[in-house]
Amino acid sequence: MSEHDETIYRTSTGRVGKMMAILCGTVIVGAIIFFALGDYWISELSPAGQAFAGITDEPAAPAVAQTGADIPITLDFIESKDFRTLAFNALPGELGNNPTINAKVGDRIIFNILNAGKSFHAFGVTLNDEGFGGILGSSAVASPNSPLKPGEGGTSEFIPGEPGTYYYICTVPGHREMGMVGTIIVE
Amino acid sequence: MAHSNWAEWIYLGVVTSLLVYVGAEAWNIERIIDHAPEDAEIIKVTAQQWLWSFEHEDGTKEVGELHLKKDHAYKFELTSKDVIHNFNIPEYTVLLDAVPGRINTVWFSPNEAGEFDIQCREYCGLIHYNMRAKLFVDGA
Amino acid sequence: MSKIFHLSIIVATLCIIPTISLVFAAETAGEYIDRKAEIWNLFFRMMTVAFVVGGVIAGTMVWQVWRFRESNPKSKPTPYEEKGEL
Amino acid sequence: MVLTLAKARPVWQIMFSTHHTDVGLMYLIFSLLAMFIGGAMAIALRIELFAPGVQLIEDSMSYNRLFTAHGTTMIFLFLLPSAAAVGNYLVPIMVRYKDMAYPKLNAIAFWMIPPAAVLVWLGMADFGWYANPPYSVISAPAPAAEMWIFGLKMLGVSSILGSINFVVTILKCKHPDMSLGKVPLLAWSFLSSSIIVLAAMPTFAAALLMLLTDRLGASGFFNPAVGGDPIAYSHLFWFTFHPEVYVLVIPAIGMMYEIIPRFSRRPIFSHSSGVAAFVILSIVAFASWAHHMFATGMSFTEKTVFMVGTLAAVPASAMHVFNFLATMWNGRIKFATPMMWAVGGIALFFAAGAGGVVNTAMPLDFITHDSYWVVGHFHLFVFGTIAFGTIGFVYYLFPYITGRMYNEKWGVVHFILAFVGACITFFTQHILGLFGMPRRIYDYPEIPEWVSMNALISVGAMIILVGMVIFLANLIYSSAKGKPANLEDPFGLGGKYYYPYAQRNPHHGDGGY
């Protein structure tokens, strides 16, 4: 303390203020980046996960001559109070439960999907009569690994190329077995 | 610093003997409950995100529900289709991991009729909190 | 000192061997073992041990904190303090 | 005097200094920042669990990401750096060396932490701090999981570098007059915890790389879909992270060894038994890792081996408790804030240890595994013991760091709130676990016992929150405007025992005087 008579402490109001400004500033900037990018951080599935779920880059389905007819369908994911029964639009036994869709080859079915439950759901059309794989073309809305959160929704289209029985399901594993499945009969 | 340590040795002796007691007791109880009786009925339990499915010895399948009979022994063969789950019936202290690629076994014998919870106790993703099933034990 | 130590181990072992043989003999034929009862009984035995030891240790601590606090009328300077050896 | 500066240095000079007190200060500020961020996450989780249904967090994905970030933050960004902070401040002083052995390495070890924290906090992976495969391989979304893996990788390297520095400083740079047996117990605690890090951490570093290549689909070590074994990861993980528990708890015990004799006005009851207990702990730490895995389908024999290994660690911990109690015996104890935290920490340390003995009894794992019992148990350790020791030591070092005194009255209030809050929160969690509530769940059914106990736990957490807000205010206000401390004897104990006082920082103006 040869040059100064006054003691300068390692901490003072000004220095603490500066430190707090640096810390709070960094945290706020970080929080802005985090929230601005939102769900980017959890947007993808790892390559191993894609292999496990059977997601491959398959060529698109062959183009089908469209009939020009549009069939709009509104489907809401709903759950029973104890979560043990799941369904589309209405619980089993009620009117409008898992409506059956009749269509012709080449009709364009437009799905309007809403997650009206409290759990996570995702939508897709498949030919398989069990399980959650084999989702066809552009029929999917969300996927099991970035599913629709409660209140979220989306639209998708499906143009059947061959006659047969298709199933529209919740692609979250297990939900089909718990009741989230309906049929599409294509002539 | 000169001081006597006799108190510490006695203390350590007491602690050690208590630990030996704890270890021996635990070993003994584990030994008793470890071996499944030979007449135990085998139930195949398959876990997947996020539900339980069961297959009885006679081929009956159940999803999200399990019906058992009182005072029979059951041996669960647990496996998983995707990630690690943990099969837990808290009321009957049945608990074991369902590991994909492995079959783990645990056995129990329900001695009370009624309705019990089955839950997943190993973190397994989005709906882990609601990966539940019901156990129905029917009276003899 | 080590004599006491060895002695306590021997005493502990002597206590355990009869316990083990007793439980070995207690297996009843025919009925299935009640897993729930076995495990919970073990749990309560363990908790009894834990709470007894915990009571002794916590009691000692509380008493020490009360007795040797600076503001206790009975407290007196430690020898190290008097000699300035702190 | 070290704490007064002839000339205030610019902030950047402190930030990029390599002197051990400056690096220690950076560690301390960062770890406290991480503690408040991690604590805020815990409060969000507790608000969500206050009652069944949605309270604050709207979906389980956000909840899962929050508890992962909370665990990672508290362990790697609060507890490890705060221990390193204390070690950086005091170890060179205690072994009477001018600085750490490798000052630049020291600064590098610190500066690896903030970028790692950015990765962990920005990504917020969702697989829990345990990242157990195959969930973390096939199900956890990218890029958050990769960011977590890289972040943890950096933190692992950082703690290895820090540990090398401590080991070399203590073994090679101690004053030639000082035999290893005479090295103070706080420095001993850093020696033993650093050796554990050096032995344990490489395993986890390897496991992380394997996890990453598994996720990329290039390998399948832990992915059963391609023939791997997820249990192998558990072994590798716990081989690192059970010893890591001791890495965290040993420095905290070392801090108590510093506080308790000072405030009891007596020397440590037995220096040699403290050293012996540290050495034993750092060896048996490696004998118990698989007690975390009893439920994965281990055989009776394996379980027995690891139960015995776990029980073997108890006598050494009990020696520490004995040493503390015997030191306080016949003392004249001044209950200033640091002493309160230390004594409270010992009490909760014992409770946590007793819970640990119950846990390891094999059949009881069927009750407690992955339930709230476990949550309560390890929080008693990490909060009740380690954070208590650390926070007490922050109060103890406060005059040394700032040259000012913290507000004693609010320090006591902080302690009482935290102790009461910890008892309510963590003991209730034990009981809740016995009623079968699993951990890591976002929502729970309306079982009456679960509902009331969860509400009580959340109230306890709020009490801790109030204490921590007081702590923060006290830290900020006192470092800005606190009364100047009497640096020869800031706590009024008599004697010039407060040896951080003697330290000089050559980077301060005028040669540090």
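**Figure 1. A loop residue of chain A, Asn89(A), in the predicted model.** Asn89(A) sits in the loop between β4 (86-88) and β5 (101-103) of chain A. The structure shown here and in the other views is a predicted model. Most residues other than glycine have a negative phi. Asn89(A) is not a glycine, yet its phi is positive, at about 65 degrees.

Figure 2. Arg440(D) counts as buried because it has 21 C-beta neighbours inside 10 Å, and the cut-off is 20 or more.

**Figure 3. Cis peptide bonds in chains B and D.** Most peptide bonds are trans. In chain B, the bond that joins Gln49(B) and Trp50(B) is cis, with omega about -5 degrees. Trp50(B) belongs to the loop between β1 (41-48) and β2 (51-55) of chain B. In chain D, a cis bond runs from Ala142(D) to Pro143(D), and omega is near -5 degrees. Where does Pro143(D) lie? Pro143(D) is in the loop between β2 (141-142) and α7 (144-172) of chain D.

**Figure 4. Antiparallel strand pairing around β9(A).** Strand β9 (residues 164-170) of chain A pairs with strand β7 (residues 123-126) of chain A. The sense is antiparallel, and the pairing runs over four bridges. One bridge links Gly124(A) to Ile169(A) of β9(A). β9(A) also pairs with strand β10 (residues 181-186) of chain A. That pairing is antiparallel too, over six bridges. Here Tyr168(A) has Gly182(A), in β10(A), as its bridge partner.

**Figure 5. Model confidence in chain A.** Mean pLDDT for chain A is 79. Residues at 70 or more make up 88% of the chain. Which residues of chain A stay under 50? Residues 1-5 do, and the model has seven contacts for them beyond four places in sequence.

**Figure 6. The contact between chains B and D.** Five pairs of chains are in contact, and chains B and D share the most contacts. The contact brings 42 residues of chain B together with 44 residues of chain D. On the chain B side, α1 (6-34) and β7 (94-98) each supply at least two residues. α1(B) gives the most, with 15 residues. By class, the side of chain B that touches chain D has 22 nonpolar, 11 polar and nine charged residues.

**Figure 7. The contact between chains C and B.** Here 22 residues of chain C are in contact with 25 residues of chain B. Which elements of chain C give two or more residues to this side? They are α1 (2-25) and α2 (35-67) of chain C. The side of chain C that touches chain B holds 15 nonpolar, two polar and five charged residues. Chain C has no contact with chain A. The closest C-alpha atoms of chains A and C lie 27 Å apart.

**Figure 8. Chain D as a whole.** The chain has 17 helices and two strands. Its radius of gyration is 22 Å, close to the 24 Å from the globule rule for 513 residues, so chain D is as compact as a globular protein of that length. Along the principal axes, the C-alpha atoms of chain D fill a box of roughly 65 × 50 × 45 Å. Of the 513 residues in chain D, 64% are buried. Among contacts in chain D with a separation of 6 or more, 83% link residues 24 or more positions apart.

**Figure 9. Met256(D) in the largest nonpolar core.** This core has 277 residues. Which of them touch the most other members? They are Ala187(D) and Met256(D). Helix α3 (residues 60-94) of chain D gives the most to the core, with 21 residues. Beyond its neighbours within four places in sequence, Met256(D) is in contact with Phe324(D), Ala342(D), Gly345(D), Ile346(D) and Gly389(D).

Notes:
Residues are numbered from 1 along each chain as its sequence is written. Chains are lettered from A and ligands numbered from 1 in the order in which they are written. This is a predicted model: local features need pLDDT of at least 70, side-chain atom pairs count only at pLDDT 80 or more; totals for chains, interfaces and linings use all residues. Two residues are in contact if their C-beta atoms, placed from the backbone, lie within 7 Å. Ala, Val, Leu, Ile, Met, Phe, Trp, Tyr, Cys and Pro count as nonpolar, Asp, Glu, Lys and Arg as charged, and the others, Gly among them, as polar. A nonpolar core is a set of buried Ala, Val, Leu, Ile, Met, Phe, Trp, Tyr and Cys residues joined through C-beta atoms within 7 Å. A residue is buried if 20 or more other C-beta atoms lie within 10 Å of its own, exposed if 12 or fewer, and partly exposed in between; C-beta atoms are placed from the backbone. The radius of gyration is taken over C-alpha atoms; the globule rule is 2.2 Å times the number of residues to the power 0.38. pLDDT is the predictor's confidence in each residue, from 0 to 100. Two strands pair if DSSP finds at least two bridges between them.
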